[in-house]
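Take a walk through this structure, one part at a time. Keep the sequence and the 3D view side by side as you read.

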Amino acid sequence: MLSNLITLKKSTFSSLGRYFSIKLPDEPSFLEQVGLYFDQAAKYTDLPQGLLKYIKGCNVVLSVKFPIELTRNGKSDLHVVEAFRAQHSHHKLPTKGGIRYSEDVCQNEVEALASLMTFKCACVDVPFGGGKGGIKINHRKFTEEELQRITRRFTVELLQKKFIGPAIDVPAPDYGTGPREMGWIMNTYTAYNPDDINGHGVVTGKGIRQGGIRGRAQATGLGLYFAVRETMKLEKNAKSIGLSVGLKDKKVIVTGLGNVGYWAAHFFNDLGKSKVVGVSEWNGAVYNPDGLDVEALLKYKQEHGTLLNFPGAQNIPNPEDIMSMDCDILLPCALEAQINKTTAPKIKAKVIGEGANGPCTFEGDRILNEKGCIIVPDLYANAGGVTVSYFEWLKNLSHVRFGRMTKKYEENSKSILVDKLETKFGKKFTDREKKLIVQGAGEEDLVNSGLESTMVDSFKQIEEIKNTQKISYRMAAYILSIKKIALSYTDVGLWP
Ligand SMILES: NC(=O)C1=CN([C@@H]2O[C@H](COP(=O)(O)OP(=O)(O)OC[C@H]3O[C@@H](n4cnc5c(N)ncnc54)[C@H](OP(=O)(O)O)[C@@H]3O)[C@@H](O)[C@H]2O)C=CC1
Ligand SMILES: O=C(O)CCC(=O)C(=O)O
């Protein structure tokens, strides 16, 4: 079956599913928007048109419909579930990308998201092709048991079509999914493939007990923090938007207090010493110009199911309105197209850090650039998640936790060094100093350091192209990615 799919590259299997994503009035679809960015960037390369066309298009898309038995109001009936998985590029394998649960899921959306995954992985040197999947459901309307049956059934559909496996295609969390869903997928895969010793590597973003990695949950938010931190470190950037260098005391608004949004808010507060003044959710937003207590806000959301009426904050009933409130940095961390032709002119932020995929439409991006905003683009800014997913996959293939073989050895040898230094200089370190110097790196330390180094190195590569060509960060990131993907094809040539 896989060989069939591969020979039918560039075709799609969806005659059944809804094709188009939510179309804003007068704006192209999500997939067309990614195509427009790609075409704009491609003009800065001297790559042949045929190769560019191949890199741009989505290789294969699987569209399935399957039945689930549901009981509603005491009556049992079949409910038909629609789901998709797109593999945009096989220039590196496995393909990689999240699975989202949302009522807006459609073929156009998963293709757009899968292509962003290809460019994202290339941008930060993560050796995967791009993939993305989605189940068209409102996860809030199903019980945990029903969600489990839907997830496991979709996994079986993927298995039957050879669309999943540690060497083929490796899903991860996205909007509406998390470690729980990844655990169900892994358990279903390993039940059908008990002889696959690398079975745990079939998904990333799993819970730690299921073979997940410490630091994955935080990774996208932390990566977003590193990305914006690097951008605001540069004096020329800060000057161009009339702000001081750095993140300290900058007013931040976050849309979506989910996995990406919460951790981004946490790190901007904690590490950046910024002030989170506004946060939105799908059913409302809250604003406080003196700063919100992010940890208390998350607890409030978990207890009340809403952010509204959070003590000391002003309610903003329409979540979209939060984007036009006063702030320096806006972090869109919910769904795509939030910043568009209508909302972009009202935005007061000078810096946009794209935690979500595709939060700015092509027109929204044009308007913000015209206003002089700095946009740290999705394909770089939210790449922390897939970077740490790569580390998790490596952990699963090597069957050992990072740091397990080295931590104690490092501690012993550094203790000897500290003792020698104390004897030589006749002075003692304090217990705290000693602990800091001696402690060996554990899994989370190594993950965070690998993530920071990835985000810093990629920023330098993007910055160099930006300066040479005098273009936006988005264009520079696309050019960087397109050139890397092209090289992986031209290095080996075409076969057969
Ligand atoms: N998870 C990851 O590692 C990565 C995710 N991304 C992207 O980040 C974005 C968010 O993903 P993730 O954080 O994982 O998803 P989550 O499901 O964890 O969080 C999304 C949050 O957005 C809220 N929300 C929904 N609609 C709106 C709205 N109209 N306005 C404001 N908030 C809204 C949701 O509310 P509620 O909880 O009530 O549903 C939820 O809290 C997506 O675009 C995803 O593709 C990108 C890279 C990696
Ligand atoms: O962690 C991954 O594999 C992918 C995360 C993701 O879906 C994304 O970056 O959009």
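Start with ligand 1, which is surrounded by 24 residues. Gly 256, Gly 258, Trp 282, Ala 356 and Gly 385 are the closest of them. Two elements give two or more residues to this shell: helix H9 (259-270) and strand S7 (275-281). H9 supplies the largest share, three residues. Sorted by class, the shell around ligand 1 holds ten nonpolar, twelve polar and two charged residues. Keep in mind that this is a predicted model.

Now place that shell in the chain. The domain assignment gives domain 1 (2-217), domain 2 (242-372) and domain 3 (384-478). Domain 1 and domain 2 each contribute at least three residues to the shell around ligand 1. The C-alpha centres of domain 2 and domain 3 are 29 Å apart.

Move on to ligand 2. Its shell has 14 residues. Gly 98, Ala 172, Gly 385, Val 386 and Ser 389 come nearest. Strand S3 (95-101), helix H4 (107-123) and helix H13 (384-398) are the elements that give two or more residues here. By class, the shell around ligand 2 divides into three nonpolar, eight polar and three charged residues. Why does ligand 2 lie between domain 1 and domain 3? Both domains give residues to its shell, so ligand 2 lies between them.

Next, follow S3 into its sheet. Five strands form an open sheet in the order S1-S2-S4-S3-S5, and the pairing is mixed. Strand S1 (60-72) and strand S5 (169-173) stand at the edges. Each has a single partner strand, so one side of each is left without a neighbour in the sheet. From one strand to the next, the twist averages 25 degrees. Look inside the sheet at S3 and strand S4 (residues 129-135). They pair in the parallel sense over five bridges. Arg 100 stands opposite Gly 134 in S4. A helix belongs in this picture too. Helix H5 (residues 144-160) lies across S1, strand S2 (75-87) and S4. H5 runs at about 150 degrees to S1.

The other sheet takes us back to S7. Here seven strands form an open sheet, ordered S9-S8-S7-S6-S10-S11-S12, again with mixed pairing. Strand S9 (314-316) and strand S12 (374-376) are the edge strands, and each pairs on one side only. Neighbouring strands in this sheet are turned against each other by 20 degrees on average, direction ignored.

Finish with S10 and the two strands beside it. Strand S6 (residues 251-255) pairs with S10 in the parallel sense over four bridges. Strand S10 (residues 329-332) also pairs in the parallel sense with strand S11 (residues 351-353), over two bridges. Leu 330 stands opposite Ile 352 in S11. Which way do the residues of S10 point? Ile 329 and Leu 331 point one way, while Leu 330 and Pro 332 point the other way. All four are buried.

Methods:
Residues numbered from 1 in each chain as written. Chains lettered and ligands numbered in written order. Predicted model: local features only at pLDDT ≥ 70, side-chain atom pairs only at ≥ 80, totals over all residues. Near = placed C-beta within 6 Å. Nonpolar A, V, L, I, M, F, W, Y, C, P; charged D, E, K, R; others polar. Domains from an automatic or database assignment. Pairing = 2+ DSSP bridges. Axes fitted to C-alpha atoms, helices over the stretch in contact; angles between N-to-C directions. Contact = placed C-beta atoms within 7 Å. Buried ≥ 20, exposed ≤ 12 C-beta atoms within 10 Å, placed from the backbone.
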